[in-house]
Amino acid sequence: MKFSKLTGFLDDFRFFFFYLKSKIFIALLLSFSVGLLDGLGLAMFLPLLQLVESGGQYQPAEGENNLDFYVTMFEFLGISLNLTNVLLMILFFFSLKGAFRFLESYYTVVLNMTFTENVRIEAIEYISTINYKYFNQIDAGKIQNTLSSEIDRVRLAFQSYASASQTLLTVMVYAGLAFLTNPQFALLVVIGGLFSNLVYNSLYKRTKEISKGITSINHSFHSVMMQQIHNFKYLRATGKVAPYSKKLKYIVHEVSDGFKKIGFLNSILTATREPLSIAVVVVVILVQTTYFLADLGSIILSLLFFYRSLNQLIIFQNHWNTFYGYSGSLIGYKEFIAEIKANGIDYNKGKDVQSIDTVELKNASFGYDQTLLLNDINLKIEKNSTIALVGQSGSGKTTLTNIITGLLPLQKGSILVNGHPLNETNIQQFQSHIGYITQEPVIFNDTLFNNITFWDEKNSENLNNFMNCIKKASLGDFFDSLELSEDAPLGNNGVMVSGGQKQRIAIARELYKKVDLMILDEATSALDSATERDIQSYFEENKGNLTFVIIAHRLSTIKNADKIYLLKKGRIEASGSFSELQQLSEEFRKMVELQDFGKVDTEEVR
Ligand SMILES: Nc1ncnc2c1ncn2[C@@H]1O[C@H](COP(=O)(O)OP(=O)(O)OP(=O)(O)O)[C@@H](O)[C@H]1O
């Protein structure tokens, strides 16, 4: 094993040890015990052969035989070496080996499951720390693929690594016993092992390269597949399902080709190993019988150990190549976790937030790169006030709400929550007081009850609360029409409900949550006029009891806002009440005129 290989092996060991601690050593100890007990049992064949040879009376063999001490030890313990005792000892060692084999086998399952569980939990924890800015930039397919198939491949990598380590240890036990029996054999085992390793080295390298390739193709497969599902309606309606599927099929072929190549290399390894090891055994026998005059028992026993050792070596090499086959995923997973660590935030540290009273932005600037999308923003959101953000499409309204909710970090300036810097505040707690109703309502593939209560227990208090929110969000008629009432499923992305219903369900969820700060991002865009009026009147009723930040393209929604901010290219162009802004800003006046304000219309300013 070259030095770089050894450090690679130790690196992987460190990685697995991190998840399993001393469990790894227990598993290795069990494998060692199995090998040793097997060896001890086999070694009893030596006195057995000699007993048979000498007609029942044990006579230590003449010449080189390092296992004699073992036989003498039995005599020392007062166990006389007659045929019955030797046979009983053989039975004893192999029965004990059976018991240890059971422990080893079961413990290996425990080890695998503990590893998989710990890795999955770690991945879930790390994913929950990802900051939104990084999330916006990362390929969603990579996250999905890592969490599903890649983690599984990492599990398989560990499985083969553990099996390889266990068999390697057994190889060493047999080699050690062979060495004790006859050093020449041991030397030949080592030479044989090194020789076959040399032959297979390039195959290992190639397998590793292909495996890395498969991991990256798998990422793009998941990415393309997710997009197909996400945009299925569009693709179906515009006859683009088939051309898009072509992309997917191409990737499927590529993955399959990669696996075939690995399979081909594995087949070479499987097919050539036995002839190669037999060739080594033949040479060993020839050398032993021609040049060394060891006694027959010692030769047979050494060969037995030697052959077992080689067999184990074959198994080891198979596991090792399988490990290489999955090592691409292991590397990918390590890189993924390192990337997430570098882009993660501890959302649960900092000053506690019991409620949101004020949120203030001071000279706040933000950009994904050098280009600032928000520039020198100053605004203060007072408790129970309603502020509105207006401006043309792309002016920065959504980005500003992402800053207010702590989703995106500022590049310059500061954000204060209740007068305290947000970066020293417990963001998780702060966000738990925020309701967010977006242009695209978030619907989970679950029941109406779970969608609104976020999987709360279904007791009478929560059900009452749920029904109140249903009524307040004007979902009463919809609810009455449901055969399964609160248990009605909403389907994937809410396909079983209309756009307006989806938005009202999202509103009901925020009402149930009892928030301090409600962000409405064009919340009424999918509602019909009547429903819009209902929701509007709900906001009117709650105006003064709750803090609202409203992004509204329809100016009718915000005519009573306490303060309206007009955004232009990431800057606040003007601010004031509706009438103040009409006087202050030509642009706002035009927006009002364009919407023929006075009627509740449906046209949008974009
Ligand atoms: N993830 C992103 N990476 C880079 N630029 C982005 C990203 N998201 C938004 N932007 C850019 O930021 C600018 C402001 O976008 P934002 O969504 O805040 O505008 P908006 O006023 O809410 O628009 P609309 O009314 O159309 O929703 C746009 O120029 C947009 O291209």
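These notebook entries record what I looked up in the predicted model shown above.

**Entry 1. Conventions.** I number residues from 1 along each chain, as its sequence is written.

**Entry 2. The chain as a whole.** I looked up the secondary structure and found 20 helices and ten strands. Helices (H or I, at least four residues) and strands (E, at least two) are DSSP runs, numbered from the N terminus. Of the 606 residues, 36% count as buried. A residue is buried if 20 or more other C-beta atoms lie within 10 Å of its own, exposed if 12 or fewer, and partly exposed in between, with C-beta atoms placed from the backbone. I then took the contacts between residues at least 6 apart in sequence: 78% of them join residues at least 24 apart. Two residues are in contact if their C-beta atoms, placed from the backbone, lie within 7 Å.

**Entry 3. Domains.** The assignment gives domain 1 (3–19 + 114–342), domain 2 (352–433 + 516–606) and domain 3 (442–514). Such bounds come from an automatic or database domain assignment. Taken over C-alpha atoms, the centres of domain 1 and domain 3 are separated by 48 Å.

**Entry 4. The sheet.** I traced an open sheet of six strands in the order β6-β7-β8-β3-β9-β10, with mixed pairing. Its edge strands, β6 (434–437) and β10 (571–576), each pair on one side only. Two strands pair if DSSP finds at least two bridges between them. Direction ignored, neighbouring strands of this sheet are turned by 15° against each other on average. Strand β3 (residues 386–391) runs parallel to strand β9 (residues 563–568), and five bridges join them. Within β9, Ile-564 stands opposite Ala-388.

Entry 5. Which strands does α12 lie across? I found β3, β7 (517–521), β8 (547–551) and β9, with the helix running at about 155° to β8. Axes are lines fitted to C-alpha atoms, for helices over the stretch in contact, and angles run from 0 to 180 degrees between N-to-C directions. Helix α12 (residues 397–404) also gives the most to the shell around the ligand, with three residues. The residues around the ligand include Asn-136, Tyr-368, Leu-373, Gly-391 and Lys-397. A residue is near a molecule or strand if its C-beta atom, placed from the backbone, lies within 6 Å of it. By class, I recorded two nonpolar, eight polar and one charged residues in this shell. Ala, Val, Leu, Ile, Met, Phe, Trp, Tyr, Cys and Pro count as nonpolar, Asp, Glu, Lys and Arg as charged, and the others, Gly among them, as polar.

**Entry 6. Leu-379.** I located Leu-379 in strand β2 (residues 374–381). Leu-379 is partly exposed, because 18 other C-beta atoms lie within 10 Å. Not counting residues up to four places away in sequence, Leu-379 touches Leu-361, Tyr-565 and Ile-572. From Gln-144, Leu-379 is 235 residues away in sequence and 38 Å away in space, C-alpha to C-alpha.

**Entry 7. Phe-454 and Trp-455.** I looked up Phe-454 in the loop between α14 (448–453) and α15 (460–472); Trp-455 is found in the loop between α14 and α15. Although not a glycine, Phe-454 has a positive phi of about 55°. Trp-455, not a glycine either, has a positive phi of about 65°. Why is Phe-454 classed as exposed? Phe-454 is exposed because 12 other C-beta atoms lie within 10 Å. Trp-455 is exposed, with 11 such atoms within 10 Å.

Technical notes
This is a predicted model: local features need pLDDT of at least 70, side-chain atom pairs count only at pLDDT 80 or more; totals for chains, interfaces and linings use all residues.
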